[in-house]
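Hello,

Here is the structure I promised to pass on to you. Have a look at it first, and then read on for what turned up in it.

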Amino acid sequence: MDRFKRWISTKAYKRIKLFIFVFIVLFNILAIFVGGLLLHLASPESFKTVAAGMWQIFTDILDPGFLSSHAQTSAGGTTFTKSVEVVVILVCMVTFTGAIIGYISNMITSIIENSVGGPKRMYLKDHILILNWNNRAAGIISEYLYTELCEDVVVLTTNDRNEVIKEIEDSIFESGYGKNQRHVNFVVKQGEPFSYSELDAICVKQARTIIVLSDKNPEDGELRTLKTVMMVSQMNSHRNNCSIVVETDSQNIYELVGRIKENNSNEIIPAYLNKLLGKLLAQTALQPKLNIVFAELFSHGGNEFYHIPFERLEGIRSDMSEEEIINEYFKRYNRAIPLTTSRSFDSDNSEKLFLLSGKKSHVLNCREKELNDGNIKHIEFKEEYVVPKKIIVLLGSNSKMKYIINSFKAYISNYGEDKLTVYLVDVEAHLKNIPDHPCFNKICISDRYDVLEIRRVINSFDLREIDTIVILSDDMVSSAEYDSGALISLIDINREIDKIEKSERPEIIVEILNPKNHEIVQQYNIDNVIVSNKYISSMVAQLGDDSSIYELIYDILTFDNELDDFEQVYSSNKESKELYIKRCGDYFKERQCFDSIAQLVYSIYISSGKTQIPIGVIYADSSKNKGSVEMFERTYTFPDDIDTERKIELCDDDCLIIFASDF
């Protein structure tokens, strides 16, 4: 008997739904049998057999009204038999009809739950997986609205599914896309991102791109991120057509993922985006107009960076120099601007050309007729471009501070101590972590949120002599407190700036973390707003589509002689290349006019000794800065139909965006 009980117990635990179903059926069969037996014994003339009694009760259960009509006949039975029928009918209606309805309802609910969570397998291929969830994830999905292809995106997270869906819907709505315009099919499933069965259920081995986001759980977030990377890298270890992008703001995870990458054949990109953002903030502080350029380049919403292997390009051989390759591309192709090759920084030694274009499908578009010397306009430059001196006020600090400082130090190393002065305004606990330097002036305040103290510091400067004021948001506080310090500082700084003539005002750059605060900052007539989380979302989406461009982006954001995390000087086979904003009046000896973008770009490239490539223009007359991209009010990089005849007249105050190794 004990053995039977144990068997029942284990089977019931393992197959509880089936056990309940069988129990319901058997109980009701027993009830009907007992009722039929009682009817037969009490009224054998009316119910000649037990089966007849059981059938009578069964028909009464299916149609209780049949009991009333049957009672009126001569075969209606006695009062006792009628009472037995009523009792059995009531019992069976509750335990059978009610229980079966409940059982089926529960089964339908389980099917629905298993379709959004659990190991039920989906049928997908070449899709994008997003594992984990954070406050930057919805922005990543919105970025795919601007791609050429219709993307299938699957999210696997332990977060509440309905809340995640609402975040995505809100992000898509804010992007200006309606339901009929969507370019993304997204599915959200609840589950553990490092569970083999759940990853297998969403076809992790068939995914084109896997994006592992940093887990914000304060207790074991880093460990969960690491376990996810370890699992997906092993499950895809046999593949070479899958990119795994690991987004993290932890240096520890960044270094550990680097070690995992060393022992795997698949493409793993440890994207330590706090580092990239720190570099971006430093470059924007030095050249504020770069913010609008980076916002376009690091997004699917405008021109983007692409790569193409040498073997796919006509007339290009691996024995050519980089200058020869770029020159040959200019001559043969007309829907992209060539920038550089992978020889400088590509770790896998593959031969690639990096380009800038509106769409990936454009990069192999050939000219009907090759460019020749007759298409080149000879340009004379001023003998020496004077690097402007910069005075920057940096208010506040955050986790990116180390990389901002490293970029400033590299800039000083390249151009001299007389070219940069930085005032660092913050509490003592943060300032003591910043290294002493002749160009760094530390101003200690007691409270980052004290309006009167911020006002005192601002009034101590002659704001007409300041080039840029950068207000940083503290990302080391809780998400509920994001941007509070930046917004408090902005109120008082804006009050002082309004007292100065517009032409004499410093550039104000405000970094915010929560994209929803962007509109608040814009009400204060601040054009340069760096939405850090939006930048991260855009970069991760781009890297998910083409992980090869990570090294190009890193090179663009890194000055020569810049220190890395291990205090090693950044170097490559040649000088790194960045983006520079050059005022035409300081650049050309005389005003220039071109017949097309191709003539402008190719002429400057050749006339500069093949060292500088213009990729866009920022007109002094803002009405000329027009674009057709919904995501931006204006686009500043050149459209990729570069052969189209269009007059391009550049006045002294217009600025060119130049891709080069230095000013």
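Phe330 and Tyr602 are both buried in this predicted model. Their rings form a tilted aromatic pair, with 5.2 Å from centre to centre and 55 degrees between the planes. Phe330 belongs to helix α13 (residues 322–332) and Tyr602 to helix α22 (residues 597–607), so this pair ties together parts that are 272 residues apart in sequence.

Another pair to look up is Tyr423 with Phe461. The ring centres are 5.0 Å apart and the planes stand at 70 degrees, so this pair is edge-to-face. Tyr423 is in strand β11 (residues 420–426), while Phe461 is in the loop between α16 (451–459) and β13 (468–471), so parts 38 residues apart in sequence are tied together here. Are these two residues buried or exposed? With a relative accessibility of 24%, Tyr423 counts as partly exposed, and Phe461, at 14%, counts as buried.

These pairs come from a search of the whole structure, which finds 16 aromatic pairs. Ring pairs also join Tyr411, Tyr415, Phe559, Tyr580 and Phe663 into a cluster. You will find charges over rings as well: the charged end of Lys227 sits over the ring of Phe194, 4.2 Å from the ring centre, and that of Lys377 sits over the ring of Phe594, 5.0 Å from the centre.

Now for the sheet I would show you next. It is an open sheet of six strands in the order β3-β2-β1-β4-β5-β6, with parallel pairing. Its edge strands, β3 (184–190) and β6 (267–272), each pair on one side only. From one strand to the next, the twist averages 15 degrees. Inside the sheet, β4 (residues 209–212) and β5 (residues 243–248) pair in the parallel sense over four bridges, and Ile210 has Ile244 in β5 as its bridge partner. Helix α19 (residues 532–545) packs on this sheet and touches β1 (128–131), β2 (151–157), β4, β5 and β6. The direction of α19 makes about 165 degrees with that of β5.

Finally, some figures for the whole protein. It has 22 helices and 20 strands, and 52% of its 663 residues count as buried. Among contacts with a separation of 6 or more, 73% are between residues 24 or more positions apart. The accessible surface comes to about 31300 Å², and carbon and sulfur atoms account for 52% of that surface.

Methods. Residues are numbered from 1 along each chain as its sequence is written. This is a predicted model: local features need pLDDT of at least 70, side-chain atom pairs count only at pLDDT 80 or more; totals for chains, interfaces and linings use all residues. Side-chain values use heavy atoms; hydrogens and water are left out. Rings of Phe, Tyr and Trp (its six-membered ring) pair if their centres lie within 6.5 Å; planes under 30 degrees apart count as stacked, over 60 as edge-to-face and the rest as tilted. Helices (H or I, at least four residues) and strands (E, at least two) are DSSP runs, numbered from the N terminus. Buried means under 20% relative accessible area, exposed over 50%, partly exposed in between (1.4 Å probe, protein chains only). A charge sits over a ring if NZ of Lys or CZ of Arg is within 6 Å of the ring centre and within 35 degrees of the ring normal. Contact means heavy atoms within 4.5 Å. Accessible areas come from the Shrake-Rupley method with a 1.4 Å probe; for residues, only the protein chains shown count as cover. Two strands pair if DSSP finds at least two bridges between them. Axes are lines fitted to C-alpha atoms, for helices over the stretch in contact, and angles run from 0 to 180 degrees between N-to-C directions.
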